[in-house]
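Subject: Structure for your review

Dear colleague,

Please find below the structure that I am handing over to you.

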Amino acid sequence: MDLSYIIDQDIEKLSKLEELGCDLDALLLIAKDSLSLCDELGLNSKQSAEFLVRLKRVYDQNQGIMPEPDLILYENSKNQASRLSVENKVTGNTIFFRLENPQKETFICDVCNEGGLIKTQAKTHVSEKHNTS
Ligand SMILES: [Zn+2]
């Protein structure tokens, strides 16, 4: 069985794994407890991934590493969005933006009223101004 897809076909990661005295079969054995736990908790694959991401965040925090904020951008319409929201998956907080200028497609933050933000700046704005994680 070819398990290289597990590490996204990344030869460097595979080499690193082998340097550590491990291979992909061994990796599955190491991960077995975590995966069994996910099964026992009744988590599907997506929920299991989320579970592992949260474990990694707690681990990183315990190592003194500040986790990257996990932000997801939503828009109320793909063509001409009038509302945007950015959800922080870690804190569960959502920040909303409303359309400020339809011609320039700029948005204004509902929390701090900073305007002139284009869609692609919404996540950065939340990360820099409203990051409470
Ligand atoms: Zn703001």
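Helices and strands are DSSP runs numbered from the N terminus, a helix being a run of H or I with at least four residues and a strand a run of E with at least two. Just after helix H1, glycine 21 takes a positive phi of about 75°.

Please note that this is a predicted model, in which local features need pLDDT of at least 70 and side-chain atom pairs count only at pLDDT 80 or more, while totals for chains, interfaces and linings use all residues. Residues are numbered from 1 along each chain as its sequence is written.

Overall form

The protein chain has four helices and five strands, and from the N terminus on these elements run α-α-α-β-β-β-β-β-α. The chain is divided into domain 1 (4–62) and domain 2 (71–129), with bounds that come from an automatic or database domain assignment. Taken over C-alpha atoms, the centres of domain 1 and domain 2 are separated by 33 Å.

The radius of gyration of the protein chain is 20 Å, whereas a compact globule of 133 residues would have one near 14 Å. The radius is taken over C-alpha atoms, and the globule rule is 2.2 Å times the number of residues to the power 0.38. Along its principal axes, the C-alpha trace spans about 55 × 30 × 30 Å.

Of the 133 residues, 8% count as buried. A residue is buried if 20 or more other C-beta atoms lie within 10 Å of its own, exposed if 12 or fewer do, and partly exposed in between, with C-beta atoms placed from the backbone. Helix H1 (residues 11–19) is hardly covered, for the count of buried residues among its nine residues is zero.

The sheet

Five strands form an open sheet in the order S1-S2-S3-S4-S5, with antiparallel pairing. Two strands pair if DSSP finds at least two bridges between them. The edge strands, each of which pairs on one side only, are S1 (71–75) and S5 (117–118).

S1 and S2 are paired over five bridges, and leucine 71 has asparagine 88 as its bridge partner in S2. S2 and S3 are likewise antiparallel, over five bridges; here serine 85 has phenylalanine 96 as its bridge partner in S3. The hairpin of S2 and S3 has five residues between the strands, and glycine 92 in this hairpin takes a positive phi near 80°.

S3 (residues 94–101) and S4 (residues 106–109) pair over four bridges. Across this pair, leucine 99 stands opposite phenylalanine 107, and phenylalanine 97 stands opposite cysteine 109. S4 is joined to S5 by two bridges, and the bridge partner of phenylalanine 107 in S5 is leucine 117.

Two of the strands may be described by their faces. In S2, Leu84, Val86 and Asn88 form the covered face, and Arg83, Ser85 and Glu87 the uncovered one. In S4, Phe107 and Cys109 lie on the covered face, and Thr106 and Ile108 on the uncovered one.

The nonpolar core

Which residues make up the largest nonpolar core? There are nine in all: Leu71, Leu84, Val86, Ile95, Phe97, Phe107, Cys109, Ala122 and Val126. The elements that give two or more residues to this core are strand S2 (83–88), S3, S4 and helix H4 (122–129). A nonpolar core is a set of buried Ala, Val, Leu, Ile, Met, Phe, Trp, Tyr and Cys residues joined through C-beta atoms within 7 Å. In soluble globular proteins, nonpolar side chains tend to be buried together.

Leaving aside its neighbours within four places in sequence, valine 86 is in contact with Leu71, Leu73, Thr94, Ile95, Ala122, Lys123 and Val126. Two residues are in contact if their C-beta atoms, placed from the backbone, lie within 7 Å.

Two residues in loops deserve a separate remark. Glutamate 105 is not a glycine, yet has a positive phi of about 55°; its place is in the loop between S3 and S4. With 13 C-beta neighbours inside 10 Å, glutamate 105 counts as partly exposed.

Asparagine 113, also a residue other than glycine, has a positive phi near 60° and is placed in the loop between S4 and S5. Asparagine 113 is exposed, with 8 other C-beta atoms within 10 Å.

Yours sincerely
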